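I opened the notebook to record what I looked up, one topic at a time.

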Amino acid sequence: MNKTDLIERLAEKHSLSKAEAGRVLETLLDTIVAQVKKGDAVTIPGFGSFKLHARAARNGVNPSTGAKIKIAAAKLPKFTPGATFKAAVDAKAAARKAAKAPAAKPAKAAKAAKPVKAAVKAAKPVVKAAKPAAKPAAKKAAAKKK
């Protein structure tokens, strides 16, 4: 699907003329570009977010000559898809994630019980045994003879 197809779909779905749908799409895209250019993130819940990503300068290698080159820093737009969008594209991955979610909740309940045990443990005095020497004297003497 390209921009023209998208304009046609908008015009059909919302009973707009193609010119009106084109202006709506242009306004939307211009707004996203302007906000990301300023450094602001544009988040559309369920769809995703557009952000400005700064890439640091780095050293690279020219593959044809093998010469080292410096690659300048760059600011790039980055799109991160939302959970609803990901689920719509890959339903199997969403199902796997949903199957894992109930298993994780009992673990949280077990973690909630641990602080009580930790509090009881903290109340008891801790007695540490004396540490044994790193090497027994006989082993040290044997090591010196070699």
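**Entry 1: the order of elements.** I read along the sequence and noted the pattern α-α-β-β-β-β-β-α-α-α. The count comes to 5 helices and 5 strands. The model is predicted, and I kept that in mind for every entry.

**Entry 2: confidence.** I looked up the pLDDT next. Its mean over the chain is 81. I also noted that 69% of the residues reach 70 or more. Then I checked residues 118-124, where the pLDDT is below 50. Beyond near neighbours in sequence, this stretch has 0 contacts in the model.

**Entry 3: the whole chain.** The chain has 146 residues, and 8% of them count as buried. I wrote down an accessible surface of about 12500 Å². Carbon and sulfur atoms own 63% of that surface.

**Entry 4: salt bridges.** Why look for charged partners? Side chains of opposite charge can pair when their charged atoms come close. How many salt bridges does the structure hold? I found 2.

One joins the side chains of glutamate 26 and lysine 3, at 2.0 Å from N to O. Glutamate 26 sits in helix H2, residues 18-38. Lysine 3 sits in helix H1, residues 3-13. The two are 23 residues apart, so I noted a link between distant parts of the chain. Glutamate 26 has 30% relative accessibility and counts as partly exposed. Lysine 3 is also partly exposed, at 42%.

Glutamate 8 forms a salt bridge with lysine 18. Here the closest N and O atoms are 3.7 Å apart. Glutamate 8 lies in helix H1 and lysine 18 in helix H2, so this pair ties together parts 10 residues apart in sequence. I checked the exposure of each partner. Glutamate 8 is partly exposed, with a relative accessible area of 30%. Lysine 18 reaches 51% and counts as exposed, because the cut-off for exposed is over 50%.

**Entry 5: the loop between the helices.** I stopped at serine 15, in the loop between H1 and H2. Its phi is near 45°, a positive value in a residue other than glycine. I made a note of that because most residues other than glycine have a negative phi. Is serine 15 buried or exposed? It counts as exposed, at 67% relative accessibility.

**Entry 6: aromatic rings.** I searched the whole structure and found 4 aromatic pairs. A pair of rings is described by the distance of the centres and the angle of the planes.

I took phenylalanine 47 and phenylalanine 79 as one example. Their ring centres are 5.4 Å apart and their planes stand at 50°, so the pair is tilted. Phenylalanine 47 lies in the loop between E1 and strand E2 (48-55). Phenylalanine 79 lies in strand E5, residues 74-81. The pair therefore ties together parts that are 32 residues apart in sequence.

Phenylalanine 79 also pairs with phenylalanine 85. That pair is edge-to-face, with 6.4 Å from centre to centre and 65° between the planes. Which residues form the aromatic cluster? I listed Phe47, Phe50, Phe79 and Phe85.

**Entry 7: the nonpolar patch.** I then looked at the surface. Ile44, Phe47, Phe79, Phe85 and Val89 form a nonpolar patch there. Together they have about 400 Å² of accessible area.

I looked up the exposure of several members. Phenylalanine 47 is partly exposed, at 35% relative accessibility. Phenylalanine 79 is partly exposed at 31%. Phenylalanine 85 comes to 30% and counts as partly exposed. Isoleucine 44 is found in strand E1, residues 42-44. At 32%, isoleucine 44 counts as partly exposed.

**Entry 8: a buried serine.** Last, I checked serine 49, in strand E2. Serine 49 has 10% relative accessibility, so it counts as buried; the cut-off for buried is under 20%. What does serine 49 contact, leaving aside its neighbours within four places in sequence? I found Val42, Thr43, Lys78, Phe79 and Thr80. Phe79 was already in my notes, as part of the aromatic cluster and of the nonpolar patch.

Key. Residues numbered from 1 in each chain as written. Predicted model: local features only at pLDDT ≥ 70, side-chain atom pairs only at ≥ 80, totals over all residues. Heavy atoms only, no water. Patch = residues over 30% accessible without salt bridge, like charges linked within 9 Å, V, L, I, M, F, W, Y side chains within 5 Å. Areas by Shrake-Rupley, 256 points an atom, 1.4 Å probe, with all protein chains shown as cover. Salt bridge = Lys/Arg side-chain N within 4 Å of Asp/Glu carboxyl O. Helix = DSSP H or I, 4+ residues; strand = E, 2+ residues; numbered from the N terminus. Buried < 20%, exposed > 50% of the residue type's maximum accessible area, 1.4 Å probe, protein only. pLDDT = per-residue confidence, 0-100. Contact = heavy atoms within 4.5 Å. Phe/Tyr/Trp six-rings, centres within 6.5 Å; stacked < 30°, edge-to-face > 60°.
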